[in-house]
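Subject: The two-chain model, and what turned up in it

Hi,

Here is the structure I promised to hand over. Have a look at it first, and then read on for a short tour of what was found.

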Amino acid sequence: MDLDRIEHLLAKYWECETSLEEEDELKEFFTHQPVPGHLKSVASLFQYYEAEGEKDELGAEFDELILDELENKKSGKGKVIKWVNDALKVAAVLLILATAGYFMQKEYQDKKENLEPYVTGTFEDPEKAFEETKKALMLISKNMNVGKKQVEKVGVLHEAQKKVKETETL
Amino acid sequence: MSLEIFKNKVLPVKNKLYRFALGFIKNEDEAKDIVQEVFIKIWDKKEDLLAIENIEAWCMRVTRNLSLDKLKSKHKKYTDSLNEEFDKSDDKNQTPYRSTEISDTMSMINLFIESLPDKQRQIIKLRDIEGYSYKEISEMVGVDMNQVKVNLFRARKAIKENLLNINAYGLR
């Protein structure tokens, strides 16, 4: 290729008047031909463009990654797995809630059954009613005894006061 | 669109999408994630895709939109992104891999292009590295054709001056 044409194209290139084809011509020339001294740095520029454009940064590994992913999508495998995963998550949460609810309900029921006779004041079984009444009366008598002891003390005090008064009158 | 067509027509664009996303995001892992997301999006819309005449340009647009979305959400946690930004600017130009792979002049050119204003850098890369037409670029970047030309002109002019400087200092 004659140098005049290259110089001419280069001048057009700097003015942004070259077409893509002409720019390719320049790239081709500067990457494959021996270049005269005064054009060496311009040659580096076009070699740089060429080298940057040829770089394979992502490589074949990336292709495999993408194709794998698309293959998964195509067969719908990925989608189904995702759907099942989501469903399982929902099911797990529901299971936990249901179990917790069951136990809470049970506990509440137990408590209610134990307390009910005391709250309403009725026992179905006469034996049990008797027992409970006895228990209640025992409780009352126990407390009465405690009270009586205190009253006895007061009684002693009263006696003493009486005696003091008697000795005073003597 | 079958998987075969996808493999032959869409997947080879990956590096262009990756570089485009990297221009916005400046983080290699995140740019990779974006490209992956773009491809999955394309696959989901594979029926509509038959009607699109320029799939490559459309992919670039999707990449741009996703990158901008990501940037927006990233700006909210700006302390993080600030740190990452510092890391990036350091290792981008100084990894031994890069410096041995390309010549001194080429690495200077790389540095210089990276330092151009965002729009100029984006447009000159889309034109001179990826080889897109003005019309395609205007669609990808979201500015009108005139703006594309103006920015490209400025970027090339700056590069030309930079190359003259390199020559003046005897680096060949």
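Let's begin with chain A, whose secondary structure comes to 6 helices and 0 strands. Helices (H or I, at least four residues) and strands (E, at least two) are DSSP runs, numbered from the N terminus. Along the sequence, chain A reads α-α-α-α-α-α. Chain B has 11 helices and 0 strands, in the order α-α-α-α-α-α-α-α-α-α-α from the N terminus on.

A word on the ground rules. This is a predicted model, in which local features need pLDDT of at least 70 and side-chain atom pairs count only at pLDDT 80 or more, while totals for chains, interfaces and linings use all residues. Residues are numbered from 1 along each chain as its sequence is written, chains are lettered from A and ligands numbered from 1 in the order in which they are written, and side-chain values use heavy atoms, with hydrogens and water left out.

**Burial and the core**

Buried means under 20% relative accessible area, exposed over 50%, and partly exposed in between (1.4 Å probe, protein chains only). Of the 170 residues in chain A, buried residues make up 20%; of the 172 residues in chain B, they make up 46%.

In soluble globular proteins, nonpolar side chains tend to be buried together. A nonpolar core is a set of buried Ala, Val, Leu, Ile, Met, Phe, Trp, Tyr and Cys residues joined through side-chain atoms within 4.5 Å. The largest one here has 70 residues, and those with the most contacts inside it are A:Phe30, A:Tyr49, B:Phe6, B:Phe39 and B:Ile42. Helix 3 (residues 28–44) of chain B gives the most to this core, with 8 residues.

**Aromatic pairs**

Rings of Phe, Tyr and Trp (its six-membered ring) pair if their centres lie within 6.5 Å; planes under 30 degrees apart count as stacked, over 60 as edge-to-face and the rest as tilted. By this rule there are 11 aromatic pairs over all chains.

One of them joins B:Phe6 and B:Phe39, edge-to-face, at 5.8 Å centre to centre with 75 degrees between the planes. B:Phe6 lies in helix 1 (residues 3–10) of chain B and B:Phe39 in helix 3 of chain B, so the pair ties together parts that are 33 residues apart in sequence. B:Phe6 is buried, with a relative accessible area of 0%, and B:Phe39 counts as buried at 0% too.

B:Phe20 and B:Phe24 form another edge-to-face pair, with 5.3 Å centre to centre and 70 degrees between the planes. Both lie in helix 2 of chain B, 4 residues apart, about one turn of the helix. B:Phe20 counts as buried at 6% relative accessibility, and B:Phe24 does at 12%.

In chain A, ring pairs link A:Tyr13, A:Trp14, A:Phe29, A:Phe30, A:Phe46, A:Tyr48 and A:Tyr49 into a cluster.

**A cavity in the structure**

A cavity is a set of points on a 1 Å grid over the protein atoms alone where a 1.4 Å probe fits but cannot get out, and its lining residues have an atom within 4 Å of a point. Grid points are joined across faces, edges and corners, and a volume is the space filled by probe spheres set on the points. A search of the whole structure finds 1 cavity of 30 Å³ or more. The largest cavity has a volume of about 110 Å³.

Which residues line the largest cavity? They are B:Arg19, B:Phe20, B:Gly23, B:Arg121, B:Gln122, B:Lys125, B:Leu126, B:Ile129 and B:Glu130. Helix 9 of chain B gives the most to this lining, with 5 residues. Domain 1 (7–94) and domain 2 (101–172) of chain B both give residues to the lining, so the largest cavity lies between them; these domain bounds come from an automatic or database domain assignment.

**Two backbone details**

Most residues other than glycine have a negative phi. A:Cys16 has a positive phi of about 60 degrees although it is not a glycine. A:Cys16 is in the loop between helix 1 (3–14) and helix 2 (20–32) of chain A, and is buried at 12% relative accessible area. B:Lys26 also has a positive phi of about 60 degrees. B:Lys26 sits in the loop between helix 2 and helix 3 of chain B and is partly exposed, at 27%.

Enjoy exploring!

How values were computed. On a 1 Å grid over the protein atoms alone, a cavity is a set of points where a 1.4 Å probe fits but cannot get out, and a pocket is an open set with protein on both sides within 12 Å along at least five of seven lines; lining residues have an atom within 4 Å of a point.
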